[in-house]
Amino acid sequence: MISLFTKERKQTLLKEIITFFKTERDFEIGVLAAEDILEFFTEAIGKDLYNKGINDAKISIKDCMGNLEVDLDLLIK
């Protein structure tokens, strides 16, 4: 798996996962279990998040292009 996170970000995420299980589920997990959970969710929803980002970018670009077209039309004499 390609690492999507910097070393620092991964460490932060692992701590957050461990803390979540401790505070919300009253269950202690270790770093290896947290890494497995992080990897599972990254693989399970990573493509969906990526595709959502691409679709959001497409919508944003279309909006900008529409605004540009209006701006250019206003320049016509």
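In which helix is Thr23 found? Thr23 is found in helix H1. The model shown above is a predicted one. Helix H1 covers residues 7-25, and helix H2 covers residues 31-75.

**The core and the packing of the helices**

- The largest nonpolar core has six residues in all: Leu13, Leu14, Ile17, Ile29, Ala34 and Leu38. H1 and H2 each supply at least two residues of this core. H1 gives the most to this core, with three residues.
- In soluble globular proteins, nonpolar side chains tend to be buried together.
- In H2, the buried residues are Ala34, Leu38 and Thr42. Helix H1 is what the buried residues of H2 pack against.
- Leu38, a member of the core, is in contact with Phe5, Lys10, Leu13, Leu14 and Ile17, leaving aside its neighbours within four places in sequence.
- Ile37 also lies in helix H2. Not counting residues up to four places away in sequence, Ile37 touches Ile17, Phe21 and Ile29.
- Ile37 has a relative accessibility of 21%, so Ile37 counts as partly exposed. Buried would require a value under 20%.

**The course of H2**

- Helix H2 has a kink of about 50°. The kink is centred on Ile45.
- The C-alpha atoms of Ile37 and Gly53 are separated by 23 Å, and these two residues are 16 residues apart along the chain.

**The loop between H1 and H2**

- Asp26 has its place in the loop between H1 and H2.
- The phi of Asp26 is positive, at about 50°, although Asp26 is not a glycine.
- Most residues other than glycine have a negative phi, and most peptide bonds are trans.
- Asp26 is exposed because its relative accessible area is 63%, where exposed means over 50%.

**Salt bridges**

- How many salt bridges does a search of the whole structure find? The search finds two.
- Side chains of opposite charge can pair when their charged atoms come close.
- One of the salt bridges joins the side chains of Lys22 and Glu28, with a distance of 3.2 Å from N to O. Lys22 counts as partly exposed because its relative accessibility is 39%. Glu28 counts as exposed, because its relative accessibility is 63%.
- Asp56 forms a salt bridge with Lys52, and the closest N and O atoms of this pair are 2.8 Å apart. Both residues lie in helix H2, where Asp56 and Lys52 are four residues apart, about one turn of the helix.
- Asp56 has a relative accessible area of 36%, so Asp56 is partly exposed. Lys52 has a relative accessibility of 47%, so Lys52 is partly exposed as well.

**Exposed residues and a surface patch**

- Ile61, Met65, Leu68, Leu72 and Leu75 make a nonpolar surface patch of about 510 Å².
- Ile61, one of the patch residues, is found in helix H2. Is Ile61 buried or exposed? Ile61 is exposed, because its relative accessible area is 52%.
- Asp36 has its place in helix H2. With a relative accessible area of 52%, Asp36 is exposed.
- Thr23, in helix H1, has a relative accessibility of 56% and therefore counts as exposed.

**Distances along the chain**

- Asp36 and Asp56 are 20 residues apart along the chain, and their C-alpha atoms are separated by 29 Å.
- From Thr23 to Ser60 there are 37 residues in sequence, and in space the two are 39 Å apart, C-alpha to C-alpha.

Technical notes:
Residues numbered from 1 in each chain as written. Predicted model: local features only at pLDDT ≥ 70, side-chain atom pairs only at ≥ 80, totals over all residues. Heavy atoms only, no water. Buried < 20%, exposed > 50% of the residue type's maximum accessible area, 1.4 Å probe, protein only. Contact = heavy atoms within 4.5 Å. Salt bridge = Lys/Arg side-chain N within 4 Å of Asp/Glu carboxyl O. Bend = angle between axes of the 7 residues up to and from the residue. Patch = residues over 30% accessible without salt bridge, like charges linked within 9 Å, V, L, I, M, F, W, Y side chains within 5 Å. Areas by Shrake-Rupley, 256 points an atom, 1.4 Å probe, with all protein chains shown as cover. Core = buried A, V, L, I, M, F, W, Y, C linked by side-chain atoms within 4.5 Å.
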